[in-house]
Amino acid sequence: MSRHPFDIPDLAGQVLTVAGPVDPSVLGPTLMHEHVFVDLRRPPGFCRPGEDAPEAAEPLTLATLARTRHGRPNADNDILGDDFDEMLTEVLAFARRGGGTLVEVSPAGLGRDPGSLLRLSRASGLHVVMGGGWYTPTFHPSDMDERTVDELSDTLVRDIVLGAGGTGVRSGIIGEVGADSVPLTGNELKSVRASGRASRLTGAPVTFHVGGVGEDKFRVLDILDEEGVDPANIVLGHGGEILTDPEFGERVLARGVFVEFDFLASPGSPWGHLFLTSDHKVARGIAGLVERGHAHQILLGHDVCQKIQLKKYGGKGYDYIPRYFLPALRGLGVSERDLRTIMVDNPARALTFTHPG
């Protein structure tokens, strides 16, 4: 008998968007890792050098843009969605390039805005899938140490079944789940297990911020296996390691999970070595994976998470992949069939619920 005071619906074979369940066949080209409404400002006690300087509090304008692009902290840069119309204009660029679905992976504690995501979906015509769960330890709730695996899992299940924060807008994917400390912390491991447990109980897919560095990836995957999660329901985001160490990459891919390449068209990464800094390297690496028969495990996203990535501020926005990255893959010999697999077929499979267990 379920410990939950509500029935868990069987959504097997469907994708859960902010507007409700849909058939996977309607998703179309899909960005698997984006942020539209997000607040990456660090809480007190976790500030990086310079984040508490007076200049860091200045608005992001033409006068402050250059220094922000060169890595100087700017609090305004770390917030997306404070202007709804601005974000609608930005995501419409993807829709106009034939885009069909956007997966918004801002979890709780990072400025997630379920109501605005539903409004955005209706205004843009895009299917939007909302994430849930917990990001990196910096953004964990203050009582994370005291929360049990089952308590964390119950929160995720409620997000998926009833909706987030009383809005009725439901999460269709768990994540992006933060797992990038070296070694992984106890709370990260607890979050991973809770995510796996909620995935098994609801059939929802899980997507990770890194999903463990080096051998810790297998520790994460082993936990999910213990919790009964189908590997085809697991997305390992920020897949730079897969390309920089091919032998390691083959071991990860042998587990049957999806590997996601994101943070594309970005001026640099605040997470350093976890990301490749050259889109040319990523494109060549993906072409190599396709040649070795892994097209069915590849996903793409931009990971737009700061204002400097928006077109309004001189960034490449949400349509860089269809405008530039896919043509680059074509130029490297990736076929139209494989591009469709990566942009349409794989996301549809990755986002489809399995039977709850």
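Predicted model: local features only at pLDDT ≥ 70, side-chain atom pairs only at ≥ 80, totals over all residues.
Welcome! Residues are numbered from 1 along each chain as its sequence is written, and side-chain values use heavy atoms, with hydrogens and water left out.

- Most residues other than glycine have a negative phi, and most peptide bonds are trans.
- Val210 has a phi near 75°, a positive value in a residue other than glycine.
- With a relative accessible area of 1%, Val210 is buried; buried means under 20% relative accessible area, exposed over 50%, and partly exposed in between (1.4 Å probe, protein chains only).
- His238 also has a positive phi, near 55°, and is not a glycine.
- You will find His238 in the loop between strand 10 (234-236) and helix 7, and its relative accessibility of 4% makes His238 buried.
- The peptide bond from Gly175 to Glu176 is cis, with omega near 20°, and Glu176 belongs to strand 8 (residues 174-178).
- Another cis peptide bond links Val182 to Pro183, with omega about -5°.
- Pro183 lies in the loop that runs between strand 8 and helix 5.

**Two buried strand residues**

- Thr207 is part of strand 9 (residues 206-209) and counts as buried, at 0% relative accessibility.
- Beyond its neighbours within four places in sequence, Thr207 is in contact (heavy atoms within 4.5 Å) with Val105, Ile173, Ile174, Gly175, Glu176, Val177, Val235 and Glu260.
- Two of these partners, Gly175 and Glu176, are the pair joined by a cis peptide bond.
- Leu80 is found in strand 5, where its 3% relative accessibility counts as buried.
- Not counting residues up to four places away in sequence, the residues touched by Leu80 include His35, Val36, Phe37, Val38, Met87, Leu310 and Tyr318.
- Leu80 also touches Val304, Cys305, Gln306 and Lys307.

- Two packed helices are described by the angle between their axes and the distance between the axes.
- Axes here are lines fitted to C-alpha atoms, for helices over the stretch in contact, and angles run from 0 to 180 degrees between N-to-C directions.
- Helix 4 (residues 149-161) and helix 5 (residues 186-202) have axes that come within 8 Å and cross at roughly 45°.
- That angle makes helix 4 oblique to helix 5; angles under 35 degrees count as roughly parallel, over 145 as roughly antiparallel, 65 to 115 as roughly perpendicular and the rest as oblique.
- The crossing of helix 4 with helix 5 is right-handed, a term for the near helix being turned clockwise from the far one by less than a right angle, with anticlockwise being left-handed.
- Among the residues that meet here are Leu152, Leu156 and Ile160 in helix 4 and Ala194, Ala198 and Leu201 in helix 5.
- The contact of helix 4 with helix 5 comprises nine nonpolar, four polar and four charged residues; Ala, Val, Leu, Ile, Met, Phe, Trp, Tyr, Cys and Pro count as nonpolar, Asp, Glu, Lys and Arg as charged, and the others, Gly among them, as polar.
- The axes of helix 5 and helix 6 come within 8 Å as well, crossing at roughly 40°, and this crossing is right-handed.
- From helix 5, Leu189, Val192, Arg193 and Gly196 meet Arg219, Val220, Ile223, Leu224 and Glu226 in helix 6.
- Five nonpolar, one polar and three charged residues form the contact of helix 5 with helix 6.

- Helix 2 (residues 84-96) has 13 residues and reaches 18 Å from its first C-alpha to its last, close to the 18 Å expected at 1.5 Å a residue; the expected span is 1.5 Å times one less than the number of residues.
- Buried residues of helix 2 include Phe84, Met87, Leu88, Val91 and Phe94.
- The cover over the buried residues of helix 2 includes strand 3 (30-34), strand 5 (79-80) and helix 10.
- In helix 9 (residues 279-291), Val282, Ile286, Leu289 and Val290 are among the buried residues.
- The buried residues of helix 9 pack against elements including helix 8 (246-253), helix 10 (320-331) and helix 11 (336-351).

Methods:
Helix = DSSP H or I, 4+ residues; strand = E, 2+ residues; numbered from the N terminus.
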